[in-house]
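These are my notebook entries on a single protein chain. I record what I looked up, entry by entry.

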Amino acid sequence: MVRLRLKITHCPRPALTLADTPRPNCPTCQGAGGNAHDYNDDTGKYAGTRWEPCPCWTQWAVILLPLPRWPRRTLTSHSAEPPF
Ligand SMILES: [Zn+2]
């Protein structure tokens, strides 16, 4: 089942997106959207953690409306004032 939500994303750029979301009461992921699995390399040593998305949702998002960067944030990041 697809549960569409409006979501503001900031990566790679600010935009209003329509995104699928995990089921909040999913018995597999408890709404987290997936499960992290540790995995080992050939010698049996810990080699990292892989995130496996839960099949209760799909990781896609449609950009509905690109948003302008907030003027206040632009001022802050490009401020010429020394950081006292
Ligand atoms: Zn799930």
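I began with Leu 18, whose bridge partner in E5 is Val 62. I then looked for the partner of Leu 6 and found that in E2 it is Leu 18. I noted that helices (H or I, at least four residues) and strands (E, at least two) are DSSP runs, numbered from the N terminus. I also noted that two strands pair if DSSP finds at least two bridges between them.

I am working with a predicted model, in which local features need pLDDT of at least 70 and side-chain atom pairs count only at pLDDT 80 or more, while totals for chains, interfaces and linings use all residues. I number residues from 1 along each chain as its sequence is written.

I listed 1 helix and 5 strands in the protein chain. From the N terminus on, I read the order as β-β-β-β-β-α. I looked up burial, where a residue is buried if 20 or more other C-beta atoms lie within 10 Å of its own, exposed if 12 or fewer, and partly exposed in between, with C-beta atoms placed from the backbone. Buried residues make up 4% of the 84 residues in the protein chain. I then looked up contacts, which require C-beta atoms, placed from the backbone, to lie within 7 Å. Of the contacts between residues at least 6 apart in sequence, 44% join residues at least 24 apart.

In which order do the 3 strands of the open sheet lie? I found the order E1-E2-E5, with antiparallel pairing. Strand E1 (4-9) and strand E5 (61-66) are the edge strands, and each pairs on one side only. Neighbouring strands of this sheet are turned by 30° against each other on average, direction ignored; axes are lines fitted to C-alpha atoms, for helices over the stretch in contact, and angles run from 0 to 180 degrees between N-to-C directions.

I counted 6 bridges in the antiparallel pairing of E1 and E2. These two strands form a hairpin with 5 residues between them, and Thr 9 has Ala 15 in E2 as its bridge partner. E5 is hardly covered, as the count of buried residues among its 6 residues is 0.

I located Thr 17 in strand E2 (residues 15-20). Why does Thr 17 count as partly exposed? I classed Thr 17 as partly exposed because it has 16 C-beta neighbours inside 10 Å. Leaving aside neighbours within four places in sequence, I found Thr 17 in contact with Lys 7, Thr 9, Ala 61, Val 62, Ile 63 and Leu 64. The C-alpha atoms of Thr 17 and Leu 64 are separated by 5.2 Å, although the two residues are 47 apart along the chain.

I found E3 paired with strand E4 (residues 46-53) in the antiparallel sense over 7 bridges. Asn 35 has Glu 52 in E4 as its bridge partner. The hairpin of E3 and E4 has 5 residues between the strands, and there Gly 44 takes a positive phi near 85°. Strand E3 (residues 34-40) is hardly covered, with a count of 0 buried residues among its 7 residues.

I placed Gln 30 in the loop between E2 and E3. Gln 30 has a positive phi of about 55° although it is not a glycine. I classed Gln 30 as partly exposed, because 13 other C-beta atoms lie within 10 Å.

Note on methods
Contact = placed C-beta atoms within 7 Å.
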